[in-house]
Amino acid sequence: MSVTSVEEIKFSDELISFISDWKDQPGNLIMILHRVQEEFDYIPREAAKKISKMLNVSMSKIYGVITFYHYFKLEKPGKHNIQVCMGTACYLKGGEDLIDELENILGIGVNQVTEDGKFSIEAVRCVGCCGLAPVVVIGGKVFGKLNKKKLPEVLANFEDE
Amino acid sequence: MSKLNRNELKALREDKKKEFSSIAANNDTKIIIGVGTCGVAAGARETESAFLDELKIQNISNTTVISETGCMGLCHVEPTIEVIVPGMSPVIYGNVNEKVAREIVKTHILDKTVVTANVFDRPAADIVNEAESSSDYKQYRIVLRNCGIIDPEKINEYIARDGYMALEKAVFEMTGDDIINEMKISGLRGRGGAGFPTWMKWNFTKQVEEEFKYIVCNADEGDPGAYMDRSTLEGDPHSILEAMTIAGYSINAKKGYIYIRAEYPLAIERLKIAMKQSRELGLLGDNILGSDFCFDIEIRLGAGAFVCGEETALLESIEGERGMPNPRPPFPAVKGVWGEPTIINNVETWASIPVIINKGGEWFSSIGTEDTRGTKVFALTGKVQNSGLVEVPMGTTLREIIYDIGGGIPNGREFKAVQTGGPSGGVITKEYLDTPIDYKSLQELGSIMGSGGMIVLDEDDCMVDVSKFYLGFTIDESCGKCPPCRVGGRSLYNILDKITSGKGVIEDLDKLKEIGATMQKASLCGLGQTSPNPILSTLKYFEEEYIEHISDKKCRAKKCKALITFEVIPDACTGCTLCARKCPVNTISGARKEVHFINQDACIKCGECFDVCNFDAILIK
């Protein structure tokens, strides 16, 4: 858990101006949460508190929305979050094997982060690349037609950074 | 660029049409590269750089134009490109990696010889520019008419292909009622899954007297295994903007929302570019094409909730709330966004509309079947040779799609079933492959059209496991508001889990049917009402497979781990020790050069021994 207090968490100028643009628009909460997650890779509790003050909405409302939607995260993911597609086509073509193998290689489970903070594993819904099934997405880049043996090679792309 | 009036748009179109078709006249060669999400994932960017580099090396950069386009539909052979050389027929190439790209430059462009190994057939005729001879092609592209042809980031290319012509016609030549009437003649039904007549939705909304009305595009494509909407938005975003604007004009709405999954960043980006361009040309915003009509569109992001594809839940989500469905009536046509009358249609429905206005409802209704007019886009995936996006006239048979277009089942395996409609749909077996597809026929077979996922299953797929997969998905996505869905779904899943672990009893099958039937009747929204479908339909056609799991403790597809064993075939084992060394739980014993043995008590059935054995000496029973 982070120990940052409300005063300490800093929103970038772009984020603040985004929030002020959206502040008076109806139904703005999800759009603002997306922008916050874009900045922090997840939604820190302190950020939620700050939004609560800025928009004058309760924390329970904000958490109600965050926890309803799969896309919003409450824990910080690894530097490289590995999203394994578990859509139907990927499932049939061995998406589950990819998760098992990643767990083996990295020594962590789904929704966990490696000790060095470098990788995390996430099982996601269809990413819409069914023609390339099974796929994983890392940092927005899609790797398709994978099997267990190809995974080390995929991970190697992110080793030296 | 400044805002256009009607005549200026017409002039621009003529101008761009010439430009678009005059590349050959200039003796320039054109290379069109597919850069949808699939293409990029398969390396289209690297292919593009290889082209640029090789053109430079061969010193023909200045006579060759490279342009980008959306999905050509040939997902199994991405990256795909099209090469147009003056004096030669255009050729579509697939699997174009950097090496093939360089070869195409040298052989096709310089030596004028086609690189036959990588050639793929064009999927369909071009309905915009060609006289129609649909018999030559199995596919018929209305929704995907521009995908794979235009650069989605260039509004001029859309305009050159009759883009915004329907809007022009609607605003200057038609009344709102005329438009709705044209939609009625066309017979277009909502392509999101339910198949409700589009004109009726519009008409209900039009009849409500309110000052504010809204237009919504449902682009929350959540069905796992379906990506028609993503490809349409990535390949032809302007068609959606144009159609929504036409709807806005017909019911006098001033604002539209596109509700799109945040998981589709490229589609969102292209929509934003398209909106900016059409505002600059006065095709969106105040006084469209110099008329009194004002309409603008805003993007709202979904956040990964399948239930938000249900229209009342979608409305909650647009309003920034938890996406929980509400009872209908009132329907969104009467009380939608912010409590005002709202038209909600899905991406594919929207993409058909400009063509209907341009070519007339009569033309559209001549395609398809009595029950369902027009075409349908399917995402053909799973155990099929040519997976990809296909658009076919309604009434095409499943056999034509899976075998003629899809190329059949790979690796010599046997076809088992095809799943349509995703988590809300069901399976269709071999005996029914010749059924002409429309809403009615699929429903009669116990499945649904759904949004367009079409997943082919072969003998290696276990029907109980597939049902469990879908149920696992729907219980995860159930919003929890109504008990039939929340509790019923969980109970169904638990029973399936029991059966796949070899602990099922025969009475479980009746329980599945009973709970399923209750959920269909009593759930609040479509998600709960349809979530038992995958189970009920597999029970209908494959009950003996369920019984095998229960009575014989066998999974014939060898998918359910609790019901299979790994054994060494003594005659084939050479005693190489590889399996014993790789076994993660050290349960394989045997000395070097002697037959090995798997101790079943400790085996976790990970399959590692099977994977590593070089002598096919591991048997799965």
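# A chat about chains A and B

Visitor: Where does P152(B) sit?
Guide: P152(B) is in the loop between β7 (139–140) and α5 (155–160) of chain B. Helices (H or I, at least four residues) and strands (E, at least two) are DSSP runs, numbered from the N terminus. The model is predicted: local features need pLDDT of at least 70, side-chain atom pairs count only at pLDDT 80 or more, and totals for chains, interfaces and linings use all residues. Residues are numbered from 1 along each chain as its sequence is written, while chains are lettered from A and ligands numbered from 1 in the order in which they are written.

Visitor: Is P152(B) buried or exposed?
Guide: P152(B) counts as buried, because it has 31 C-beta neighbours inside 10 Å. Buried takes 20 or more other C-beta atoms within 10 Å of a residue's own, exposed 12 or fewer, partly exposed in between; C-beta atoms are placed from the backbone.

Visitor: And how far is P152(B) from P86(B)?
Guide: 24 Å in space, C-alpha to C-alpha, and 66 residues in sequence.

Visitor: New topic. At what angle do α17 and α21 of chain B cross?
Guide: Roughly 135°, with the axes of α17 (residues 463–477) and α21 (residues 533–552) coming within 8 Å. Axes are lines fitted to C-alpha atoms, for helices over the stretch in contact, and angles run from 0 to 180 degrees between N-to-C directions.

Visitor: What about chain A, how many helices and strands?
Guide: Chain A has 7 helices and 4 strands. Their order along the sequence is α-α-α-α-β-α-α-β-β-β-α. Of its 161 residues, 34% are buried.
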